[in-house]
Amino acid sequence: MIILDTKKDFKKHINLLKSKGERISLVPTMGNLHDGHLSLVKIAKQNSSKVITTIFINPLQFGKDEDFASYPRTINEDISKLKKLKCNILFVPKNQNEVFNNIDNLEHLKAGPKGSILCGKIRPGHFDGVLKVVYVLFQLTQPDFSVFGLKDFQQLYLINQMAKKYFPKLKIICAPTIRNKNGLALSSRNSYLDKKSIKIAPLFYKILLDGINNLKISKNVEETIKYITANLEKNKFLVNYVSFLTTELEKLNSNTSKRKILLSSVKLGQTRLIDNIEFS
Ligand code: AMP
């Protein structure tokens, strides 16, 4: 695996791959890689001849009271995991300037109304920051494919919209959520959970699944949201939001034929958990 930390070297390697006609997949991450991230790399490998993973903890997507400084950094372990999977190139920008030297040119990248609901409501500006970094990575890499996790459904949706507009030839691939054996979606932030919370956390997914069953019977979205919220609160989760929407992030009416999704974010102690479940 080739490891690069400057934009100049990265571009040089990309040009070389392109000149050889390689099909490139890009997997953007913030590192502290777990099996969820690695599943994205595996999917990328199945779809292309060269896989590029990036590790960059993007300051623009963290609010000022959030965990940018304490976000887990485990670069040596990450490198071994990627080598094992035979990832071809790892780009780890050595500083923010390697990514954002032209930040004034990125002002047009706004997540818009669908970036201001759900996670965007509790994290103002978060998705503008996400779109900026992903746009720069797409511009640098010019990939044929890029893989993102369904776990962060709103992020995936907004990136897909941005890609359609600015990178029409790029195909965004959606990867299923990888969970631990108790159902908890893997996340780098799970490492913040203490012993007690780690036992409670899997209830999040279970309560959401139960809520979907409840909706199928009751056909009442508002009542089901109340039911799920009460269940979460009873188990010590602080509810950020529980929302049933279409997969276009539009209001759901219960007899729609559109694809449906339950989206939720909660806090358990100081740790934010996100989960999304698509259902029919
Ligand atoms: P992050 O490092 O948190 O920015 O995540 C990088 C990518 O990995 C994003 O596309 C996430 O949606 C994806 N991802 C994170 N957790 C999981 C998971 N448990 N299963 C599948 N993909 C995931």
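Helix H7 lies across strands S5 and S6, and runs at about 170° to S6. Contact here means heavy atoms within 4.5 Å. Helices (H or I, at least four residues) and strands (E, at least two) are DSSP runs, numbered from the N terminus. Angles run from 0 to 180 degrees between N-to-C directions, and axes are lines fitted to C-alpha atoms, for helices over the stretch in contact.

This is a predicted model, in which local features need pLDDT of at least 70 and side-chain atom pairs count only at pLDDT 80 or more, while totals for chains, interfaces and linings use all residues. Residues are numbered from 1 along each chain as its sequence is written, and side-chain values use heavy atoms, with hydrogens and water left out.

**Domain 1**

The chain is divided into domain 1 (2-175) and domain 2 (188-279). These bounds come from an automatic or database domain assignment. The domain centres, taken over C-alpha atoms, are separated by 26 Å. Domain 1 gives 22 residues to the contact, and domain 2 gives 18 residues.

Now the six-stranded sheet. Its order is S1-S4-S3-S2-S5-S6, the sheet is open, and the pairing is parallel. Two strands pair if DSSP finds at least two bridges between them. Strand S1 (2-4) and strand S6 (171-175) stand at the edges with a single partner strand each, so one side of each has no neighbour in the sheet. On average, neighbouring strands of this sheet are turned by 25° against each other, direction ignored. Strand S2 (residues 24-29) and strand S3 (residues 50-55) run parallel and are joined by six bridges. Val27 has Thr53 in S3 as its bridge partner.

Angles under 35 degrees count as roughly parallel, over 145 as roughly antiparallel, 65 to 115 as roughly perpendicular and the rest as oblique. The crossing of H6 and H7 is right-handed. That word applies if the near helix is turned clockwise from the far one by less than a right angle; anticlockwise is left-handed. On the H6 side, the residues in contact include Phe127, Val130 and Phe138; on the H7 side they include Leu158, Met162 and Tyr166. By class, the contact of H6 with H7 has 11 nonpolar, two polar and no charged residues. Ala, Val, Leu, Ile, Met, Phe, Trp, Tyr, Cys and Pro count as nonpolar, Asp, Glu, Lys and Arg as charged, and the others, Gly among them, as polar.

**Domain 2**

A second open sheet has three strands in the order S7-S8-S9, with antiparallel pairing. Strand S7 (238-246) and strand S9 (271-279) are its edge strands, and each pairs on one side only. Neighbouring strands of this sheet are turned by 10° against each other on average, direction ignored. S7 and strand S8 (residues 260-268) pair over eight bridges, in the antiparallel sense. In S8, Val266 is the bridge partner of Val239. Helix H9 (residues 203-218) packs on the sheet and touches S7, S8 and S9, at about 35° to the direction of S9.

H9 also packs against helix H10 (residues 221-234), at about 155° and with the axes 9 Å apart. H9 and H10 are therefore roughly antiparallel to each other. Their crossing is right-handed. Among the residues in contact are Phe204 and Leu208 of H9 and Tyr227 and Ile228 of H10. The contact of H9 with H10 divides into eight nonpolar, five polar and one charged.

| Helix pair | Angle | Axes |
|---|---|---|
| H9 and H10 | about 155° | 9 Å apart |
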